[in-house]
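Open the structure in your viewer and keep the selection panel at hand. Each stop below says what to select and what is found there.

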Amino acid sequence: MIRVSNLTKSYGSHRILDDVSLEVRQGEVTALVGPSGGGKSTLLRCINGLEDFQVGEVAVGDVSLVGGKPHPKADLLRLRKRVGMVFQQFHLFPHMSALENVLSGPLYALGESRAGAEPRAKALLERVGLGHKFDARPANLSGGQQQRVAIARALAVNPAAILFDEPTSALDPQMAGEVLAVMRDLARDGQTMIVVTHAMEFARQAHTVHRMVGGRIEKSGPPGEVIE
Amino acid sequence: MPRSPRARAAAALAVLLLFPALAAAQELRWGTDPTGGAPFVYKPPGATDADPYIGFEVELADYLAKKLGRTSVLVDGLWKSLPELLDKPRTGEKGIDIVLNGYEDREGLKEKYAATIPYYVYRLALIGRDDDAALNDWGDLRAKPGQPPREVGVLGESAAAKYSKRLYGEDAVLESDDVENVVGMVKDGRMAATVQDNPAAAHFVKKYPELRTVGTGRQPGYYVIYLRKEDDQLRAQLDQAIKDGLADGTLQRIYRKYSIWNEDQEWLAHRYTGAWPTPVDQEELAAEAGGGSIWKLIPQLLKAAGMTVLLAVTSFPLAMIAGMLVALVRVYGLRWLAVPLGVYVEVIRGTPLLLQLYVIFYMLPKAFPALALDPVYAGIIGLAINYSAYEAENYRAGLRAIPRGQMEAALSLGMTRLTALRRIIVPQAFRIVIPPVTNDFIALFKDTSVCSVILITELTRKYNELYNFNRDLVVELAVLTAGLYLVMSYPLALLAGWLERRTHTASGGR
């Protein structure tokens, strides 16, 4: 349901992404691994339109983004409601509580009413293990808790797929473990995911792994083949 | 001349050393305000900086200096603060010996300074437009029941100001430091009339055919020269010089040249055999001025403070809104919009508020008569525009302080840019800019004093006015005025602290 075709992104003479193609089917968990600077995060950000690219195409269902020209706003909005993102630095909204963060998508992006959206938002927070932290501010949460709220926030708009950009890189092993447990839980429930990660224990449990080096996909396949 | 070269050199040296002392002893430094205009002290149209001043007081000063064996040196200052120059040393660039600039004989001033005998008898003249059929005498300007009072312009803190307020009430009288501007407004029909001393009145009626004098001159008074109390000898010399000038026709010649010699001056010339009688209303004015208590002045100060508050609390929200919009466009908007707004910010920040108020109130209506505004509206708009530039920069800094990831996270959820700004970015930026914004708000309270140049009576102007006529209460007035400003600003500081604490704990102590 997500298809990337011949994606190329250059900055001056430097090729950040070089003719990248991949496909992610519904329910599939894909891991992107490789050394830093290999273009993994950039690829993710091209998929949801946070960065543009010169050549190639990104197709999510019936919406597609084409390289070389500015993406139409309507297309971006449609695509982003189908593909959510979880960031390495969490980027929770500091002036809102955990519950309000999770509600922000349904309320401000989908136009739902608070009464209608609240039960589901609370359920999501409970699902990620934070049912007791509805009114907490991000500053009063640990890193692991913040990232779990961020995951719940991304889930709240009911995306078909979620992109994870190094979700545990800013966390110590224990908190990373909490977050990875939530992600495993999601995967088990059939959530389509593309995860850029250095946490090999998670990558080993993905359906497909792509190894990216220097802006190219070096090797693709099941984890056993790609990860030594 | 001594014969030997050595002796000649010594003599030359002595003369050189004495010369500055000799030169200083030969000056009569007179303080005056050239912006007061014709026919007192002025330059004719088309004159350059190098051309000398003319006017009947220039010629009078020249005559007096010559009589005393000195050279006349003009020192310019602000009309209403000329007497204060007598409190300062007489040396230095702004040092003066006397004040000579159409200053009335006033009890309050005579307590602190000495005065010569009068050199001119003036009357207050009412000037109105030629085509104003409703204006035929002084009484016609009185507020009729059910109608707003017609406005009268005067020179700030002058006898004309006092008399006009007594006659027409405080609200009908608009004070300004600039006589030319006030007369211009009457000529353009923006003000009903102006009350000026008769020399100025004669000049303006001659200059502008649209204007005429209405009724007869009132409130005869004296122009005197003020000097330091200890300069007894100088005063005696000046008195004698004036008497001589009146007797031998010199003064008559000068005054006729400027068309201001009349029967009042003939009366003056004949009166110099002893002490002069006080003209009719001076006793009343004397009773009012000076020796009052501070308590009577407090209501006036409070009323003026109310105007200060009104100006500040109406203009600042406008400045905040405009500033936020400008900042949003500059940070997030299109280049072709952002660049002109950048120019706007630099121009408004880089030019004085005083000039901006002048443009809005005096100059714009000359180009577009439909844009003639009431002083208070002009003041509010002027302050709002000026401060919007500073607020725009505050908000721009606040917006840029928000990490990029916030916008990215919001967009990734499927929000539009506008919604993201409204719900995520701006609320955070608002909290960041609370300290500099309240800072500016407190500064705005003080900047309202600049609005006095467009005829608004706010607190600082009222202080100046009361101080002028109550010089014995200078300490009390100053303390009270400063106290009022503090009372107005301090709640803002408290509000800022409360806002900061509230948002501080709201975002979890960060």
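The model is predicted.

**Stop 1: the chains.** Colour by chain and select chain A. Its secondary structure comes to eight helices and ten strands. Buried residues make up 49% of its 228 residues. Of the contacts in chain A with a separation of 6 or more, 65% join residues 24 or more positions apart.

Now select chain B, which has 19 helices and ten strands. Of its 510 residues, 37% count as buried. Residues 24 or more positions apart account for 74% of the contacts in chain B with a separation of 6 or more.

**Stop 2: where the chains touch.** Show both chains again. Here 20 residues of chain B are in contact with 22 residues of chain A. On the chain B side, select α15 (404-412) and α16 (417-432), the elements that give two or more residues to the side that touches chain A. Which of them gives the most? That is α15(B), with six residues. By class, this side of chain B has seven nonpolar, ten polar and three charged residues.

**Stop 3: helix α8 of chain B.** Select residues 250-257 of chain B, which form helix α8. Its buried residues are B:Leu251, B:Ile254 and B:Tyr255. Look down the helix axis: these buried residues fall within an arc of 95°, so they line one face of α8(B). The general rule is that an α-helix has 3.6 residues a turn, so residues three or four places apart point the same way.

What covers the buried residues of α8(B)? The cover includes α2 (56-67), α7 (232-248) and α9 (263-270) of chain B.

**Stop 4: α2 against α8.** The crossing of α2(B) past α8(B) is right-handed. To see the contact, show side chains for B:Phe56, B:Glu59, B:Leu60 and B:Tyr63 of α2(B), and for B:Thr250, B:Ile254 and B:Tyr255 of α8(B). By class, this contact has five nonpolar, one polar and one charged residues. B:Ile254 and B:Tyr255, which take part in this contact, are also among the buried residues of α8(B).

**Stop 5: α11 and α12.** Select residues 294-332 of chain B, helix α11, and residues 335-350, helix α12. They pack at an angle of about 135°, with their axes 8 Å apart. α11(B) and α12(B) are therefore oblique to each other. α11(B) passes α12(B) in a left-handed crossing. From α11(B), the contact takes B:Val326, B:Val329 and B:Arg330; from α12(B), it takes B:Leu337, B:Ala338, B:Leu341, B:Gly342 and B:Val345. These residues divide into six nonpolar, one polar and one charged.

**Stop 6: one residue.** Select B:Glu180, which lies in helix α5 (residues 179-187) of chain B. B:Glu180 is partly exposed, with 16 other C-beta atoms within 10 Å.

Terms used. Residues numbered from 1 in each chain as written. Chains lettered and ligands numbered in written order. Predicted model: local features only at pLDDT ≥ 70, side-chain atom pairs only at ≥ 80, totals over all residues. Buried ≥ 20, exposed ≤ 12 C-beta atoms within 10 Å, placed from the backbone. Helix = DSSP H or I, 4+ residues; strand = E, 2+ residues; numbered from the N terminus. Arc of directions from axis to C-beta. Contact = placed C-beta atoms within 7 Å. Nonpolar A, V, L, I, M, F, W, Y, C, P; charged D, E, K, R; others polar. Axes fitted to C-alpha atoms, helices over the stretch in contact; angles between N-to-C directions. Parallel < 35°, antiparallel > 145°, perpendicular 65-115°, else oblique. Left-handed = near helix turned anticlockwise from the far one by under 90°.
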